[in-house]
Amino acid sequence: METIKRNVLLNPGPATTTDTVKMAQVVPDICPREKEFAGLMKGLRSDLLKVVHAPEDEYTSVLFCGSGTINIDVCINSLVPEGKKILVVNNGAYNTRAVEVCQMYHIPHINLKSSVYEQPDLKAVEQTLNDNPDVAVVYCCHHETGTGVLNPIREIGALAHSHGAIFVSDTTSTLGMIPLDVVKDNVDFCMASAQKGLMAMSGLSFVIGRKAIIEASKNYPTRSYYCNLYLQYEYFEKTGEMHFTPPVQTIYATIQALKEYFAEGETAKFARHRRVYEAIRRGVKELGFETVIDPKIESGLVVSVKYPDDPNWSFEKVHDYCYDRGFTIYPGKISTTNTFRLCALGAIDSKDIDDFFVVMQQALDHFEIKLK
Ligand SMILES: *Cc1c(COP(=O)(O)O)cnc(C)c1O
């Protein structure tokens, strides 16, 4: 096999992949309408259920061709019944994206906004549900990738259920990294794209959710043609295929990535991401950077780092210096503070982080940036 230059991506996805996943895309040309390809997708859909411990008789996975945001669009436009509302528990940029989807489709919604530096207040969620019996869907992302805050989805899901609502969680930046059990975690619908926790390529996204609710949604208002959950599900059930052209090569890569996921194992993979995170936290501290989120509420997958006060600091220059040496750092997503992000996704280990901080120190010396 040819060697491919290895880059360490510290951005929040797409993540560093293994060479075997990269090479899995190089296959003989195939028409995705062949039975052989439908068979591959069947196995893939059932493996995705296993990643989140979803029982096959109650849950299904529905694939879409698009980046992760397509899942947010699909779930919101498809799962709100006529005359009902969706409650978005919003403490950051990715939950705000869900609010924007509601606005675009003119779907009645409540935007329960809270500080981006904190987890949502469960009492406020409960109060809002008590005051609004017409809420049919509660939505909250598991991990606010913009800050690194991990949200208490099991508790939010329980509140949704005790008020007769379903719970949809955007798990794009945790699925395959932080163990998730959809039944125990009270999640009716979750989602991700292949390029993040599964360490495959971009272009394939999927929603995992309760079959009975998808079937009931047949009678809900249809607000999109391409992105309707029931239509895509029904087509899969009838034919085993995606309604429209699938991202063929990405599907091959994802199948290989899932093999590697199960070989590494849920617990070992979680521990590896944790090691990487701890190496990031250690390095940040040693160099003298400040961070913005309390580690107690962090996912362990993203660290938001404050720009240093030194006038010599330039994110762009430091980024380019690191990029030229094989390391990618990423801008922040907090409107009130200037930050950049270091993420623990992908096929990397703590050694890569140690190597990164050597380069980061060189960059600081090179541009004469003082942190302490
Ligand atoms: C990455 C991500 C998405 C999807 O972003 P795309 O750019 O559309 O792939 C959605 N939600 C969260 C929480 C994410 O981290």
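## Basis of the model

In this predicted model, local features require pLDDT of at least 70 and side-chain atom pairs count only at pLDDT 80 or more, whereas totals for chains, interfaces and linings use all residues. Residues are numbered from 1 along each chain as its sequence is written, and side-chain values use heavy atoms, with hydrogens and water left out.

A side-chain N or O atom of Thr145 is 2.5 Å from a ligand oxygen, and for the side chain of Gln195 the corresponding distance is 3.5 Å. Gly68 contributes a backbone N or O atom, 3.0 Å from an oxygen atom of the ligand. Of the 390 Å² of accessible area that the ligand has on its own, the protein covers 86% (Shrake-Rupley method, 1.4 Å probe).

## Largest pocket

The ligand sits in the largest pocket, with more than half of its atoms within 2 Å of the pocket's grid points. A pocket is an open set of points on a 1 Å grid over the protein atoms alone, where a 1.4 Å probe fits, with protein on both sides within 12 Å along at least five of seven lines; lining residues have an atom within 4 Å of a point.

This pocket holds about 290 Å³ of space, a volume being that filled by probe spheres set on the points. Its lining comprises 21 residues, with Pro12, Thr69, Tyr94, Arg97 and Lys196 closest to the centre. Helix 3 (69-78) and helix 4 (93-105) are the elements that each give two or more residues to this lining; helices are DSSP runs of H or I with at least four residues, and strands are runs of E with at least two. The lining divides into five nonpolar, 11 polar and five charged residues.

## Second largest pocket

The second largest pocket has a volume of about 250 Å³. Among its 14 lining residues, Lys42, Arg45, Glu56, Thr60 and Glu237 lie nearest the centre. Two or more residues each come from helix 2 (35-51), strand 2 (59-65) and helix 8 (229-239); helix 2 gives the most, with six. Five of the lining residues are nonpolar, four polar and five charged.

Technical notes:
A polar contact is a pair of N or O atoms within 3.5 Å; within protein, one must be able to donate a hydrogen and the other to accept it, and residues adjacent in sequence count only if both atoms are side-chain atoms. Ala, Val, Leu, Ile, Met, Phe, Trp, Tyr, Cys and Pro count as nonpolar, Asp, Glu, Lys and Arg as charged, and the others, Gly among them, as polar.
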